Amino acid sequence: MSTYISAESLGHSFHDNWLFKNLTIGINRGRRVALVGINGAGKSTLLKILSGSLKPTEGKVAQSKDLNVGYLEQDPHFKGAITISDYIFHADNIQQQLIRRYEELLENDPENMKEMDKVMEEMSEIDAWEYEYKIKTILGRLDIHHLNQHISTLSGGQKKRLALAKLLIEDPEIYILDEPTNHLDIDTIEWLEKLLTEGSKTILMVTHDRYFLDNVCNEILEIDRGKIIPYFGNYGYYLEKKAEREASDEATFQKNSNLLRKELEWMRRQPKARGTKSKSRIDAFYDLESKTKNNGPKQNVELSVKTARQGNKIMEMESITKGFNGNTYIKDFSYIFKKGDRIGLAGKNGSGKSTLLNLITGGLQPDSGAIIKGETTVIGYFNQSGLTFKEDERVIDIVKNVAEFITMADGKLISASALLTLFLFPPVKQYGMVSKLSGGEKKRLHLMSILIKNPNFLILDEPTNDLDIDTLNVLEEFLTNFPGILIMVSHDRYLLDKLTDQLFIMEGEGKVLIYNGNYTSYRIELEEAKQQNKKPAIVAPIQAEQPKKAKLSFKEEKEFEGLEKEIADVEAKLKETNEQLNTTNIDPKELTKLTDKIVYLNKQLDSKTARWIELGELKEA
């Protein structure tokens, strides 16, 4: 197997702070590798070094001769290109230049039939039509349409998608990707997964998206305290082996610490002037010291703050409509929030997700309809625009601007400095400038500044961008136990599945649908409905949710009568699937399929049973 990139004795430092030293790494053809590690471990820096765009402080990188490297960085640069066409199409590629001319004629001068015929004939001569279809498909899927648009007018998300489009069109020998799923909606992420796993592509990437990582990569390299630790398997295998290794490390660390204390006593007891010390024992002491130093159990972010008391009336949205520039994003939408609501917001980019969130927070007012917020409702909004701070503001000032002392979940008061330490901001960072923090650290500080206001109605808009997987795990644990309302927009399907049990699906043109279940259940149902050529059975338009009443409507009576049969049907399917699962010599792929189906059927059964109980209580009231 040929080696595309190899690196020996790599080390890199910023301002005398070593990210890593003595790293040796090789990327062979056909490997699909994910690079993981906490924020600040040096993942993005290592990608830059391996791609050849950054020279390491020490060590060397070798690439195979004439290797075509495709590197997607977090903040792409466009090397003097003015328009999208300038960037996408190579001047020295005849096929691309003909396709560029053809696309520009279609967009700007479609009536020029003479020129159009000429270009089409030239494209046929060099078999460029298949390539044109590929380019158009990639640009369309990444929502890039106007080739003469100036790059300077694009948003950060559009620029990242443009850089990804160019890389996919070029189809390099090795893909080096830094957070490729940022700014993509879920449909596009699933399309990208299929594209990257076709053929035998060679991939090295950093991603926080665990489903994407699991579906694309079959090998994981972890940067941990300046060292590379390989795991030959998917994300689940990595978690299992990492837990085993950390348990072993903990035991080794404790043993080394105890030995070090004894050795230290011995070193101190010996008179410095005497030459009678055992040289081997002195050498062993220094070796032990180096093993123990900076290798203690890793600290974790600690999320634990008080949640404000929530009354019975939380928030009501009554027939709200909102549009901009002739486009309607939300039309006649009503909903009454209930205690325990955990809602995921799904839909393509530009479908109105952020508009709905801004209406809920009061950042926007509806064109018609009303939003009534309960007196005890305290909203915490973690938005994509990030943390707002002044250039001369220190990290500790962000917290002190809210409160000097913060009430934790157990009722204890702790200082701003102590809380920052729990969020992995040690004193040396607390008194440093916010502007010097990494992207992930700013996200963590932003989240902290929201949580210390004790919200009971938490809105998270793409919370996973720039957060490392360790911090995400802690955030998930906190949100799982969060007693208030949770609304979340995320392209991270893992997070949506784990934390939400209801979806608002923005379908475009103002339509909002509700689905009782998580994202994977919704996708399974959509796929089944597609195969049967019908609409999903339990996806229905959101209706105005009325206060509970003593009498069922005619429609609810019919729904109640039908639910018993539906529940019996689901139970029968569940029984049949469980029997299939117990069959001997079952194919591993079929096993996974059946397991997924059982999870989906159980969720469907829970949803239908809950609705049957709710209607039954109303009927008897």
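**Entry 1: the whole chain.** I started by noting that this is a predicted model. I found 20 helices and 21 strands in the protein chain. Of its 621 residues, 45% are buried. I also looked at contacts between residues at least 6 apart in sequence, and 68% of them join residues at least 24 apart.

**Entry 2: helix H3.** Next I went to H3, which covers residues 94–108. Its 15 residues reach 21 Å from the first C-alpha to the last, close to the 21 Å expected at 1.5 Å a residue. At its N-terminal end I found a cap: a side-chain oxygen of Asn93 lies 3.1 Å from the backbone nitrogen of Gln95.

Which residues of H3 are buried? I listed Gln96, Leu98, Ile99, Arg100, Tyr102, Glu103 and Leu105. Then I checked what covers the buried residues of H3, and the cover includes helices H2 (84–88), H4 (113–125), H5 (129–141) and H6 (156–170).

**Entry 3: H3 against H4.** How do these two helices pack? I read an angle of about 150° with the axes 10 Å apart. The cut-off for roughly antiparallel is over 145 degrees, so H3 and H4 fall in that class. Their crossing is left-handed. On the H3 side, I noted Leu98, Ile99, Arg101, Tyr102, Leu105 and Leu106. They meet Glu115, Met116, Val119, Met120, Glu122 and Met123 of H4.

**Entry 4: Phe337.** I moved on to the loop between strands E11 (327–336) and E12 (342–347), where Phe337 is found. Is Phe337 buried or exposed? Its relative accessibility is 3%, so I put it down as buried. Leaving aside residues up to four places away in sequence, Phe337 touches Ile314, Met315, Met317, Ile343, Ile360, Phe457, Ile485 and Ile487. One of these, Met315, is 22 residues from Phe337 in sequence, yet their C-alpha atoms are 5.5 Å apart.

**Entry 5: two asparagines with positive phi.** Last, I looked at backbone angles. Asn22, in strand E2 (residues 17–28), has phi near 55°, a positive value in a residue other than glycine. Asn22 is exposed, with a relative accessible area of 58%. Asn325 sits in the loop between E10 (315–324) and E11, and its phi is near 45°, again positive. I recorded Asn325 as exposed too, at 81% relative accessible area.

Note on methods
Residues numbered from 1 in each chain as written. Predicted model: local features only at pLDDT ≥ 70, side-chain atom pairs only at ≥ 80, totals over all residues. Heavy atoms only, no water. Helix = DSSP H or I, 4+ residues; strand = E, 2+ residues; numbered from the N terminus. Expected span 1.5 Å × (residues − 1). Buried < 20%, exposed > 50% of the residue type's maximum accessible area, 1.4 Å probe, protein only. Contact = heavy atoms within 4.5 Å. Polar contact = N/O pair within 3.5 Å; in protein donor to acceptor, adjacent residues only side chain to side chain. Axes fitted to C-alpha atoms, helices over the stretch in contact; angles between N-to-C directions. Parallel < 35°, antiparallel > 145°, perpendicular 65-115°, else oblique. Left-handed = near helix turned anticlockwise from the far one by under 90°.
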